[in-house]
Amino acid sequence: MSKPDNSSGQSSDVIAMIEKLGYEKTEATVYERGQMIETEGSLNLNLYLILEGEVEMLKRGDLDSSTRVDVFGPGDLLGLTSFWSKEPSFLESRAISTVRCICLDAEKIETFVHSSPEVRETLHRLFISTLSRRYRRIASLNLKVSELSIALEREKNDLQAALKDLTETRNQLIHSERLATLGQLLAGIAHEMNNPVASLQSAFGHIEAEFPELIQSLDPASAKLLKAGLSSAFVDSDSRRQQLEDILHKHPKLKRSLARRLASLPLEHFELLCQFVGKDMDDTALVKALSYYETGSDLRNVGLSSKRIASLIQSLKNYARPDSHSWETIDPIAGIQDTLILLNNRLRHYKLHLDLPSVAHIRAIPQELNQVWTNLLVNACDATAPGGDLWISAEQIDHTVIITFADSGTGIDPELMEKIYELNFTTKKTKAQFGLGLGLSISKDIVEKHRGQIVTRNREPNGAVFEVRLPIQN
Amino acid sequence: MKQIWILCVDDEPDVLRAVERELQDLEDTFPVDTAESAAEALEAIARIEASGDCLGLILCDHVMPDKNGVELLIEMHASPSLQKTRKVLVTGQAGLDATIRAVNDSRLDFYIAKPWADKEIETAARTQLTEYVIRSGINPKPYMKVLDAAKLSKSIYEDGLLSDE
C-alpha cells in the first residue's frame, strides 16, 4: 500500500489554529498500535485530525478477513464521509502505530466554523483535499484493475494455446504408440507364420516332385492324368458353362456333377481324359480318372496358395520392421510393392494402373516411407468409389525420385488445399475410420525428414494427385 | 418337371470351385450354376427363369466388385418370383451393418463364415432346400432321397398332402 499522502502543509495550519483556539497538543487523544478507532457499521460522531502516527482503513471480507483499503497519516482527517452522511461506517479504522489525534465532535466543529472566516476556510480546504485525495486514489486503483484484467486475459489465452498444443501432441503420441504396437504385432505374427509356411513350401516341393513318380510306378496311365492336373490351367465361367452344355448334349445320360467336373478341364486335358476313359464314358472309370486329375490340380492349388501366403508374410516383414528405425539405402519401388500387396484387399475394388520402372536407390527409413505410401493409398481409396481408377507411378529426374499417387475420386476442395496437412484435419465422417486426421500431417513430417516434399493438386476431370519427391542422397 | 437350381456366386474362382465341390452329391437332383459377379448372377437367374425352372438356393459371397452380395440379395428379394429362394451368405468379410441389412431387408436364411467347416455347406444346402420344397408346396417325393426325408414326411403329414399315388 502506498504511503499516506501527507497534506502536512494544511494540517500544520489547522494545528496552529487549533492551538490558537485553546487546544493544546497534549489534549490529543492517543490510540495504541492495533487499537480500533472506528468500527465498520457504527455511527460516527467525530472527525479525527491525525497529529502523529498512521491509521489503516479496513473493509471486512468473508471469513473474518479484512482488506486494507487505505492508510492515513499526520494531517489527514478520519471519518469525514461517515460524519457528514450520518450513515453507518463503510470502513473501519485501526491504528498501525501509536496515534495522536484531535477528536472533533459536532459541537466543536460548529464552534470552529463560526469562530473566524480563516478557520472556516482552512477547515473547508482540508475537507476538500481529503476527499479529492481519496478520489485520485480510486482512479488509480481502477486503472490498476483494468491493467490486471488485460494481463489476465492474455495469460488465459496463452494457457489455452498451450493446452491445445499439449492435447494435439498427446493425440499424436497415442497414435504413434498405437502404430508402434500394431507394428510389433504384425512383425510378431509374420515371424510366427514364417516357420510353418517355410515348412509347408518345403514339404510341398517334395510332394510335387515325388508323388507323380510314386503313382507312375503303380499306375503309369493314371500318373499321366495326375501330371496333367498339376499343370492345369484356369477355365473361365462362360467357357465352362458352354463346355458343360456340350458334354450334356453329347452324353445325355451322364451325371450332371460328373459333367461339371469334366467341363472344368482345359481342352487338351479333356481330350486326354476322354482317351483314358473311352467313348462310352463309364461312370466308374470317369470318377477314377477325374480323381487323379483333380488330385493333381489340388496339389497345384496347395503350391500356389502357400506361395501366396509366403509372399504376404515377406511383405509384412518388410513393411513392419519395428526393431530398427535407422537409415538404409533402399529401392523405393520395393516398399511400394510390398504396400500394394498388403493393401490388396482394399485395392481390388479399383482399377489399378501401375507404372513402376526401376529408379535409383535412396537413403531412407524404409518403414516410415511405407507408412507414407499406406496413408496416401488409403486416402485415395477412401476418396474413390469402388470401380474407380488409381494410378501409381514412379520416375527419376536428375537427383530426385518422384512417386505419384493419383485417383479418380472426389478431389480436394481448393479452399482446403492448405489445411489438409494440418494436425487433426479430416473430412472422413464414418466412425469405422481408424484415422484421427493425423495421417497426412505425419506423412508430411516423414517426407520432410527425408528432405523431400509432398505436392498436391487436383486432377482433371476428377480426383486428386499426390506427388512425393525424394532426393537421392549418395 | 420343373428343375430346382442352386446358384453359387463368388468373385474368386478358387472359392467358387470349392463351393461347387461341396454340392457334388446334390448336383444330380439340383442342377448347379455359377457366377463370378452380381451381374453374372442376375444373368444366370434370367436363364433359369427363361427355361421355366426355379431358383431354390443361392450361396453368395459378400465382397465383390461393383455390386456386393448383400445388395444382390436385397435386389433379388424385391422380385416376387425369387422371394421363396433360400438365401445364404458365404463370406469372411460382411461387417455387422451389412449382415443386419441382409437379415432385415432380404430375409437372409443362413450365414456361413469363411473358411467353412467340413461338410458345412453341403449340410446347409440340404436343410435350406428342404425348407424350399416344403414352403413352395412342391411335391416332395422326388427329393426324399437327397434332402431331409424326416422333415419332408412331417410336412406332408401336417399339410395333408399325402396322395394315393
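Visitor: How do you know that strand β4 and strand β5 of chain A are joined, and in which sense do they run?
Guide: This is a predicted model, so local features need pLDDT of at least 70 and side-chain atom pairs count only at pLDDT 80 or more, while totals for chains, interfaces and linings use all residues. Residues are numbered from 1 along each chain as its sequence is written, chains are lettered from A and ligands numbered from 1 in the order in which they are written, and side-chain values use heavy atoms, with hydrogens and water left out. Now, two strands pair if DSSP finds at least two bridges between them. β4 (residues 55-60) and β5 (residues 66-72) of chain A have 6 bridges and run antiparallel, so they pass the test of at least two. In that pairing, A:Glu56 sits opposite A:Val71.

Visitor: What makes a stretch a strand or a helix here?
Guide: Both are DSSP runs, numbered from the N terminus: a helix is H or I over at least four residues, a strand is E over at least two. By that count chain A has 13 helices and 15 strands.

Visitor: Which residue takes a positive phi in the hairpin of β4(A) and β5(A)?
Guide: A:Leu63, with phi near 55°; the hairpin has 5 residues between its strands. β4(A) also pairs with β7 (residues 92-95) of chain A, antiparallel over 4 bridges, and there A:Met57 faces A:Ser93.

Visitor: Why is A:Lys86 called exposed?
Guide: Exposed means over 50% relative accessible area, buried means under 20%, and partly exposed is in between (1.4 Å probe, protein chains only). A:Lys86 has 60% relative accessibility, so it counts as exposed. This residue is in the loop between α2 (80-85) and β7 of chain A, and its phi is near 60°, positive although it isn't glycine. Most residues other than glycine have a negative phi.

Visitor: What makes β10 and β14 of chain A edge strands?
Guide: The open sheet has 5 strands in the order β10-β12-β13-β15-β14 (chain A), with mixed pairing. β10 (351-355) and β14 (453-458) each have a single partner strand, so one side of each is left without a neighbour in the sheet. Further in, β13 (residues 400-407) and β15 (residues 464-471) of chain A pair antiparallel over 7 bridges, with A:Ala406 opposite A:Val465.

Visitor: How do you know that chains A and B touch?
Guide: Contact means heavy atoms within 4.5 Å. By that rule 17 residues of chain A are in contact with 21 residues of chain B. The area buried between the two chains is about 1800 Å², where buried area is the accessible area (1.4 Å probe) that two parts lose on being put together, summed over both.
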